[in-house]
Amino acid sequence: MRKRMLGELEVSALGLGCMGMSEVYGQVDDTESTGVVHRALDLGVTFLDTADIYGDGHNEELVGRAIKGRRDEVVLATKFGISHVVGGGEVRVDGSPEYVRAAVDRSLARLGVDVIDLYYLHRRDPDTPIEETVGAMAGLVEAGKVRHLGLSEVSAETLRRAHAVHPITALQSEFSLFNRDVAADQVPVCRELGIGVVPYSPVGRGLLTGNAPAAFGEGDFRGGLPQFQGENLARNTELAKRVRDLAARIGVTPVQVALAWLLAQDEHTVPIPGTKRVRYLEENAAAADVELTADQLAEIASAIPAGAVSGDRYTPAGMAAVNR
């Protein structure tokens with residue numbers, strides 16, 4: 001697995017999103033998920049992403065157990081700030097300095113580590129100036145509890161203000177062939193300031209696999225998202241078929257097309273596809289070796305133009321918490 005730089009932090013060219021190992025995509029199995037983490041490390045996928053809200057702390061504990069004895073192989077990222085999620089997808093966020101200091105200690109304890117490599121603010125708190133939140137996060141770097149700072153789902157303006165307080169290493173936002181609004185506003189600012197881009201849900205929460213289910217089982221939150229409902233899902237599934245057809249001509253899988261397209265955007269772009277199955281992890285990791293030609297990239301962009309996806313990526317309540 002090749003390496004890439006997020007600011008001054010070296011990571012594997014692809015990471016592993018661990019959220020689904022604890023919640024939102026149906027049943028979970030800690031033993032199987034631990035095997036996925038171990039296989040990821042064996043393949044050189046050493047950039048692991050979690051958050052304190054995933055499974056109400058379960059995900060950090062799972063990741064912490066999985067990396068025990070292999071900590072020196074891992075670039076460990078976690079997030080804080082979402083105190084809880086209420087009905088309709090609304091998130092409650094706390095970015096106060098007091099919360100920052102308490103949250104990091106809880107994460108360190110659950111992960112079983114002395115230091116976090118990359119610590120993100122998960123969502124911006126509208127009631128706390130970003131300068132205060134990032135100032136408190138900078139204090140964690142000075143204290144040796146955190147090595148690098150990141151932000152998730154913030155506006156370009158917030159990114160600039162935060163970076164003026166302390167260098168921001170990475171911006172994590174939803175970014176895929178289907179959802180690429182971030183490319184117009186935040187990504188140019190990241191390039192200007194030397195901030196890496198970490199796309200989550202890089203295969204559109206499964207839409208870009210070409211095999212999105214028509215119905216969702218218990219515990220699968222996608223059934224409540226606009227892009228997976230009714231006519232939106234039907235239209236988006238048709239778009240995904242274009243990716244499937246392109247992949248067949250190139251000789252790779254649709255997932256590998258989606259990931260290779262993101263990798264081709266910028267040398268400082270590091271997608272973190274999530275999975276809880278070894279076979280999907282191996283498929284994802286192989287995308288790092290897919291080199292798309294200029295003609296293929298142009299064909300992909302033509303097949304799935306920006307803004308073609310139907311429906312928002314979150315409910316209205318969820319959308320209210322992004323790009324602040």
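Start by selecting Val 63, which is buried at a relative accessible area of 1% (buried means under 20%, with a 1.4 Å probe and protein chains only). You are looking at a predicted model, where local features need pLDDT of at least 70, side-chain atom pairs count only at pLDDT 80 or more, and totals for chains, interfaces and linings use all residues. Residues are numbered from 1 along each chain as its sequence is written, and side-chain values use heavy atoms, with hydrogens and water left out.

Val 63 sits in helix H2 (residues 58-66); helices here are DSSP runs of H or I with at least four residues, and strands are E runs of at least two, numbered from the N terminus. Leaving out residues up to four places away in sequence, Val 63 touches Cys 18, Leu 48, Thr 50, Leu 76 and Leu 111 (contact means heavy atoms within 4.5 Å).

Next, pick Leu 16, Phe 47 and Leu 159, which touch the most other members of the 94-residue largest nonpolar core. Such a core is a set of buried Ala, Val, Leu, Ile, Met, Phe, Trp, Tyr and Cys residues joined through side-chain atoms within 4.5 Å. Helix H8 (residues 254-263) gives this core its largest share, 8 residues.

Finally, jump to Gln 227, in the loop between strand S11 (196-200) and helix H7 (230-250). Is Gln 227 buried or exposed? Gln 227 is buried, with a relative accessible area of 4%. Show its side chain with that of Asn 179 to see a polar contact of 2.7 Å (N or O atoms within 3.5 Å, one able to donate a hydrogen and the other to accept it within protein; residues adjacent in sequence count only if both atoms are side-chain atoms).

Key. Buried means under 20% relative accessible area, exposed over 50%, partly exposed in between (1.4 Å probe, protein chains only).
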